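Visitor: I would like a close look at a single part of this structure, taken slowly and with its surroundings described as well. Please begin with the strands and then move on to the rings.

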Amino acid sequence: MISDIRKSFFDEQRSPLPVPWLEETGEPLVLRPGRQLFVDDWLIESTDCIRIFHSLIPFDGNPVLKPETELEIGDGSQPLAAPFNDGVWYDPSDHLYKLYYHAGWFRGTACAVSTDGIRWERPDFGVEGHTNAILPIRPDFRRDGGLVWLDQETDSPDERWKMFLFFRHNGTESGELYTSPDGIRWNFRSPAGPCGDNTSFFYDPFLKRWVFSIRSFYEPFGRTRDYFARPGFAGLPWSPEDRIPWARADRFDPPEEGTGIPHSQLYDLNAAPYESLMLGLFAIFNGPENDVCARLGVPKRNDLHYAFSRDGFHWLRPENRQPALRCTRKEGDWDRGYLHAAGGLCLVFRDRLRFYYGAWDAVSRPKTGSAPVEAAMYAGGATGFAELRRDGFASMRSTGHGFLTTRRFLRPGKYLFVNAAAGGLRAEVFDSSGQKLPGFSAEECLPFSGDSCCMRLCWKNRETLPEGELKLRFTLTDGDLYSFWCTDDDSGKSGGYLAAGSADYPSCRDA
């Protein structure tokens with residue numbers, strides 16, 4: 001899987017990295033449980049529909065958390081209450097949304113809780129004075145990036161929560177790994193291996209491994225990502241030899257004029273399991289560099305871009321490279337720059353997805369005197385979220401009458417469901433040799449017309465799909481097809497993963 005990555009990674013033309021799982025093998029697809037998303041051509045044999053990628057829509061009430069407490073404001077020069085990766089999760093054990101964030105620049109790690117994901121409270125956890133900090137603040141330890149993960153499938157209740165934090169201490173830099181039973185009382189487990197700031201991690205449940213997304217620098221690419229994975233979260237530190245060059249920006253990520261950087265760079269790579277694949281958000285850095293931002297008192301420009309993986313290592317990104325979420329770059333806006341996706345990436349909220357993120361306005365609010373201009377580049381961090389239709393990363397769109405035929409796949413369930421918004425949608429079923437199956441023609445399919453994130457398709461005399469290898473052919477009129485799935489649950493539960501969770505489900509899966 002990764003044997004040839006070094007050659008393609010260091011390509012001086014900065015070509016997009018290969019995506020080998022897209023290659024046709026001649027074998028029927030084996031579909032994982034979960035909704036099957038049309039974010040790439042892996043599912044598709046032929047179509048005349050057009051793939052459309054959809055942007056995230058910021059919540060009108062943003063920011064939902066901003067610096068207000070003494071821990072978050074400090075002396076006012078760099079107030080901060082935002083995920084610096086960190087994480088936002090729904091915890092079904094106590095029915096609360098939990099927002100982990102960087103409280104005060106280079107200071108604390110805190111947790112806020114909510115019953116609706118919009119109005120947040122800061123409990124007194126008694127860990128660091130009367131604050132909502134979850135770790136004591138150690139003298140001379142400057143907290144940088146970190147990430148928190150809710151592991152709902154662990155066999156060890158004391159390790160239900162995992163955390164990585166990066167610290168700067170007396171001229172040294174190091175990462176630390178922690179676990180917790182409740183997300184509040186944390187135990188140090190082990191040091192991490194050599195890494196840079198903004199290192200993060202995620203769990204790949206399909207391959208059952210913890211993946212560390214390690215900040216690296218390679219010339220001429222600048223900020224990049226190295227890869228390290230293992231079955232357990234904590235353990236011996238990894239060595240430099242264990243790290244594999246993994247991900248970077250490419251020539252389709254052009255830099256912005258006037259920022260002074262030769263090309264865009266990969267600032268962050270965060271990921272989470274969503275339905276049947278791994279969803280990624282790449283933070284693409286568009287400049288200016290730190291010294292320029294410090295001199296001008298402006299934030300760095302990070303935009304968030306979709307990425308998708310079906311093997312947990314190689315990532316596919318949309319060719320047009322339009323950001324899924326863009327910082328405004330406008331003075332006075334709370335989300336002027338420096339976007340950071342929260343760990344876990346998104347929560348399922350009914351028929352919507354919520355993506356929480358940190359953003360910076362570069363406005364210092366000193367209590368006395370005036371803060372130096374260079375402090376402003378990391379000042380004014382707050383938290384907001386953006387929304388997307390469920391499965392709504394990409395749709396196959398038809399204006400008029402269109403079709404989409406899937407590749408052969410092994411039927412994983414007997415009921416067929418779709419997520420679509422269309423003037424008309426039908427499906428017909430073919431066997432492995434391409435012959436239309438009796439009773440499963442488009443004419444016999446009961447047509448769907450409307451907008452639904454979970455609609456079951458049936459035929460006049462057939463309610464369930466036949467067993468074995470199948471192909472589906474969708475005919476679509478004036479609309480969008482976002483996903484389909486086959487399940488044994490007649491209400492449409494897909495069995496797929498829910499990223500950072502959902503108040504609508506008792507676990508991390510739609511089951």
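Which strand does β25 pair with over seven bridges, and in which sense, parallel or antiparallel?

Guide: The model is a predicted one, and in it the strand that pairs with β25 over seven bridges is β26, residues 448-457, with the pairing in the antiparallel sense. β25 itself spans residues 415-430 and is mostly covered, with 14 of its 16 residues buried.

A search of the whole structure finds 52 aromatic pairs. Another of the tilted pairs is formed by Y338 and Y378, whose ring centres are 5.7 Å apart with the planes at 50°. This pair links distant parts of the chain, 40 residues apart, with Y338 placed in strand β20 (residues 337-349) and Y378 in the loop between β21 (352-360) and β22 (381-389). Y338 has a relative accessibility of 1% and counts as buried, while Y378 is buried with a relative accessible area of 13%. Elsewhere, W89, W149, F201, Y203, W210, F212, F228, F233 and W238 form one aromatic cluster.

Two rings carry an arginine over the face: R32 lies over F206, at 3.9 Å from the ring centre, and R138 lies over F167, at 4.7 Å from the ring centre.

For a further view of strand pairing, there is an open sheet of four strands in the order β19-β18-β17-β28, with antiparallel pairing. β19 (302-309) and β28 (497-498) stand at its edges with a single partner strand each, so one side of each is left without a neighbour in the sheet. The partner of β19 is β18, residues 277-285, and eight bridges join these two antiparallel strands, with M278 having S309 of β19 as its bridge partner.

Conventions
Residues numbered from 1 in each chain as written. Predicted model: local features only at pLDDT ≥ 70, side-chain atom pairs only at ≥ 80, totals over all residues. Heavy atoms only, no water. Buried < 20%, exposed > 50% of the residue type's maximum accessible area, 1.4 Å probe, protein only. Pairing = 2+ DSSP bridges. Phe/Tyr/Trp six-rings, centres within 6.5 Å; stacked < 30°, edge-to-face > 60°. Lys NZ or Arg CZ within 6 Å of the ring centre and 35° of its normal.
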